[in-house]
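Please keep the sequence and the structure in view while reading.

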Amino acid sequence: MRGQQTPSLWRWLRHVPTVLGLLVAATVLWHLYAWGIRDAVWAPNAEACRALAHEGACWGVIAEKGWPMLMGHPADTGLSGLPLTLVLFGGSLLASWPLGLALALARHSGPVWLKAPAIAFIELIRGVPLVTLLFVAAFILPLVLPEAWQVSLAWRAGVALTLFSAVYLAEVLRGGLQTVPAEQSEAAAILGLSWPGIQRRIVLPQAVRAVLPALTGHAIGLLKDSSLVMVIGLHELTGGLSLSLGGDPVWRPYYFEAYLFVGLVYALMCWALSFLGRWLERHWLAAPQ
């Protein structure tokens with residue numbers, strides 16, 4: 001009898017961590033509901049938000065400051081906010097493809113006089129933090145470039161993002177190139193196809209198909225990394241938030257709600273890229289090879 005009770009007690013005790021975890025999760029969710037919904041202020045009413053004393057969320061800051069955060073502050077004469085984020089991300093991603101592809105091909109199957117510089121360039125840029133590249137672009141390049149070659153800070157930041165993206169893209173593509181059997185290239189060469197034709201028609205389509213999930217992850221990472229340009233004085237989406245709230249003592253206490261809003265915008269953009277990647281996987285991978 002006693003031997004039968006011990007296994008029963010053990011089976012009951014095994015569920016204790018699960019029950020405690022559910023209780024903790026329910027408590028956290030209840031407090032989040034109370035703070036973010038039940039006791040929150042949704043209208044742009046600064047008096048009502050101050051009366052909450054941070055016991056509830058002040059979503060009125062989004063209604064009041066959401067547009068300047070997204071589209072840039074009128075005091076900023078450059079391209080700023082979400083448009084700057086999209087321009088930096090889209091421009092650097094597109095510009096990094098030719099360079100990344102050239103580096104991948106050179107490192108994978110190029111002659112020694114191309115492979116060695118490609119390896120050195122990839123390892124050098126990949127071994128440096130993006131923030132360092134941005135500081136070099138912001139403060140070192142203006143000192144070494146001739147006056148005729150001087151460009152705006154946004155362009156210099158775009159170059160840094162492009163180089164950073166290209167080396168990581170090169171390694172992703174190189175992984176895809178390694179999945180293509182060498183016999184296919186040899187057979188195509190025997191049939192008289194030139195090297196560019198072999199790469200364009202046979203090797204690269206298969207290589208890109210093989211690494212589509214990694215390419216999607218790279219794009220998402222680059223989108224989030226673009227927010228680092230704030231450290232060199234560019235007011236992208238995150239910088240637009242600081243610019244919009246920093247000079248307004250009425251709404252400045254509600255940074256947390258504003259950061260949640262910006263985080264939601266980034267999450268939606270990352271979800272869109274993830275959706276695009278899954279769509280490409282379904283349609284491209286299902287297409288005849």
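This is a predicted model: local features need pLDDT of at least 70, side-chain atom pairs count only at pLDDT 80 or more; totals for chains, interfaces and linings use all residues.

Helices here are DSSP runs of H or I with at least four residues, numbered from the N terminus.

**Helix α6 against helix α8**

- Helix α6, made of residues 112-126, packs on helix α8, made of residues 153-177, at an angle of about 120°, and their axes are 9 Å apart.
- Because angles from 65 to 115 degrees count as roughly perpendicular, an angle of about 120° makes α6 oblique to α8.
- The handedness of the crossing of α6 and α8 is left-handed.
- On the α6 side the contact is made by F121, I122, I125 and R126, while α8 contributes L163, F164, V167, Y168, A170 and E171.
- Sorted by class, the residues in the contact of α6 with α8 are 8 nonpolar and 2 charged, with no polar residue present.

**Helix α8 against helix α10**

- Helix α8 also meets α10, a helix that spans residues 195-210, and the axes of α8 and α10 come within 8 Å of each other while crossing at roughly 110°.
- That angle makes α8 roughly perpendicular to α10.
- The crossing in which α8 passes α10 is right-handed.
- The residues that make this contact are L173, G176 and L177 from α8, together with V203, L204, A207 and V208 from α10.
- By class, the contact of α8 with α10 holds 6 nonpolar residues and 1 polar residue, with no charged residue.

**Cysteines and the disulfide**

- The structure holds 1 disulfide, which joins C49 to C58 with an S to S distance of 2.0 Å.
- In general, a disulfide is a covalent bond between the sulfur atoms of two cysteines.
- The link of C49 and C58 is right-handed, with 75° about the S-S bond.
- C49 is buried, since its relative accessible area is 2%, and C58 counts as buried because its relative accessibility is 1%.
- A further cysteine, C270, also counts as buried, in this case at 13% relative accessibility.

**T85 in helix α5**

- T85 lies in helix α5, which covers residues 81-109, and this threonine is buried because its relative accessible area is 1%, where buried means under 20%.
- When neighbours within four places in sequence are left aside, T85 is in contact with L223, S226, E236, L237 and Y266.

**T162 in helix α8**

- T162 lies in helix α8, and with a relative accessible area of 13% T162 is buried.
- Not counting residues up to four places away in sequence, T162 touches S92, A95 and S96.
- The C-alpha atoms of T162 and L93 are separated by 6.6 Å, although these two residues are 69 residues apart along the chain.

**Q199 in helix α10**

- Q199 is found in helix α10, and a relative accessible area of 9% makes Q199 buried.
- Once its neighbours within four places in sequence are left aside, Q199 is in contact with L105, L204 and P205.
- One of these partners, L204, also takes part in the contact of α10 with α8.

Note on methods:
Residues are numbered from 1 along each chain as its sequence is written. Side-chain values use heavy atoms; hydrogens and water are left out. Axes are lines fitted to C-alpha atoms, for helices over the stretch in contact, and angles run from 0 to 180 degrees between N-to-C directions. Helices (H or I, at least four residues) and strands (E, at least two) are DSSP runs, numbered from the N terminus. Angles under 35 degrees count as roughly parallel, over 145 as roughly antiparallel, 65 to 115 as roughly perpendicular and the rest as oblique. A crossing is left-handed if the near helix is turned anticlockwise from the far one by less than a right angle, and right-handed if clockwise. Contact means heavy atoms within 4.5 Å. Ala, Val, Leu, Ile, Met, Phe, Trp, Tyr, Cys and Pro count as nonpolar, Asp, Glu, Lys and Arg as charged, and the others, Gly among them, as polar. A disulfide is a pair of cysteine sulfur atoms within 2.5 Å. Buried means under 20% relative accessible area, exposed over 50%, partly exposed in between (1.4 Å probe, protein chains only).
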